[in-house]
Amino acid sequence: MVSLRFPAATFPRLPPPRPPSHPAFAAALAAAAAAAAAAAAAASLTLTAKSAGRPPLPHPAPLWASISLADGVAPGSVEPRTGAAFPAETSGGRRLLGVGLRRTTILGLKSIDVYAFGVYADDHDLRQLREKYQKLPVSQLKENAELINDALERDIRMTVRLQIVYGRLSIRSVRSAFEKSVGSRLQKFGGSDTNELLQSFVSLFKDEYKLPKGSVIELSRESSHVLKISIEGEELGSIQSKLLCKSILDLYIGDDPFDKNAKESVQENMASILKN
């Protein structure tokens, strides 16, 4: 039984100035000289440490690193190939577990980057699994296939955030790609009689929606296995179906994921949450 819910529609340089010749400038020069001397001393210490076989003294973090963290970009939240950045948490408080990249091949010749993605989950919901896995060390949880299967099956709120990185992607291409990928997962878990459910999902991606580079699509499993779909914050609709939720999440963290490194990162972070 599939229930569809639709929200109300909401359409849509100068030469450098001469330095002042007063005492303050002399003081500034003195400060600069002192800073240069300190830097030289630090370099000497580093070289000495290396020659003695000891690791060099640590350097302070650069300013840009602090700025990035202040802007909500946490370590590991940038997809390395495309540079697409993902927030450490969603607006609903779900934590980022891993990032990856969806690539495809055109006519079997050219490979393109389609979108980067981030997988998020609700900490509280994940801890439902703590009792089952509490006796296992993190090292084993990272390799435990049953953990991922439980994440797919249980009523755990999760979001997959897709960030478009291919500038010529159309909504029609997205619809077609989902019809193929989600359709194969629906058949994998639910058999052949799943076309109606598939069409209820792909039909939400109407031609009126545009997807310029940087656009964000969110596929969220809410409580009671309700799948909510949005583009750029605008909700397209929702479908209550455990099978559909599992099939979509399986694309990113299942047995044959779009990005295996992303899946490994997701499972590693799940294990850390369960042990903390």
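Author: Lysine 132 and aspartate 150 join their side chains in a salt bridge, at 2.7 Å from N to O. Lysine 132 belongs to helix α4 (residues 130-133) and aspartate 150 to helix α6, so the pair ties together parts that are 18 residues apart in sequence.

Reader: What counts as a salt bridge?
Author: A side-chain nitrogen of Lys or Arg within 4 Å of a carboxyl oxygen of Asp or Glu. Side chains of opposite charge can pair when their charged atoms come close.

Reader: What kind of model is this, and how are residues numbered?
Author: This is a predicted model, with residues numbered from 1 along each chain as its sequence is written. Local features need pLDDT of at least 70, side-chain atom pairs count only at pLDDT 80 or more, totals for chains, interfaces and linings use all residues, and side-chain values use heavy atoms, with hydrogens and water left out.

Reader: How do you decide what's a helix or a strand?
Author: They are DSSP runs, numbered from the N terminus: helices are H or I with at least four residues, strands are E with at least two. The protein chain has 10 helices and seven strands.

Reader: Which residue does aspartate 250 bridge to?
Author: Lysine 188, with the closest N and O atoms 3.3 Å apart. Aspartate 250 sits in helix α9 (residues 242-253) and lysine 188 in helix α7 (residues 171-190), so parts 62 residues apart in sequence are tied together. Aspartate 250 is buried at 2% relative accessibility. Lysine 188 is partly exposed at 43%.

Reader: Which residues are in that network of salt bridges?
Author: Arg185, Lys188, Asp250 and Asp255 are linked in it.

Reader: Tell me about α7. How far does it reach?
Author: α7 has 20 residues and reaches 26 Å from its first C-alpha to its last. That is close to the 28 Å expected at 1.5 Å a residue. The expected span is 1.5 Å times one less than the number of residues.

Reader: Which of its residues are buried, and what covers them?
Author: Buried residues in α7 include Ile171, Val174, Phe178 and Leu186. Their cover includes β4, α8 (195-202), β5 (216-222), β6 and α9. Just after α7, glycine 191 takes a positive phi of about 90 degrees.

Reader: New topic. Where is isoleucine 229?
Author: In strand β6 (residues 226-231). Isoleucine 229 counts as buried because its relative accessibility is 0%.

Reader: What is isoleucine 229 in contact with?
Author: Leaving aside neighbours within four places in sequence, its contacts include Phe201, Leu204, Phe205 and Leu236. Contact means heavy atoms within 4.5 Å.

Reader: And over the whole chain, what percentage is buried?
Author: Of the 276 residues, 39% count as buried.

Methods
Buried means under 20% relative accessible area, exposed over 50%, partly exposed in between (1.4 Å probe, protein chains only).
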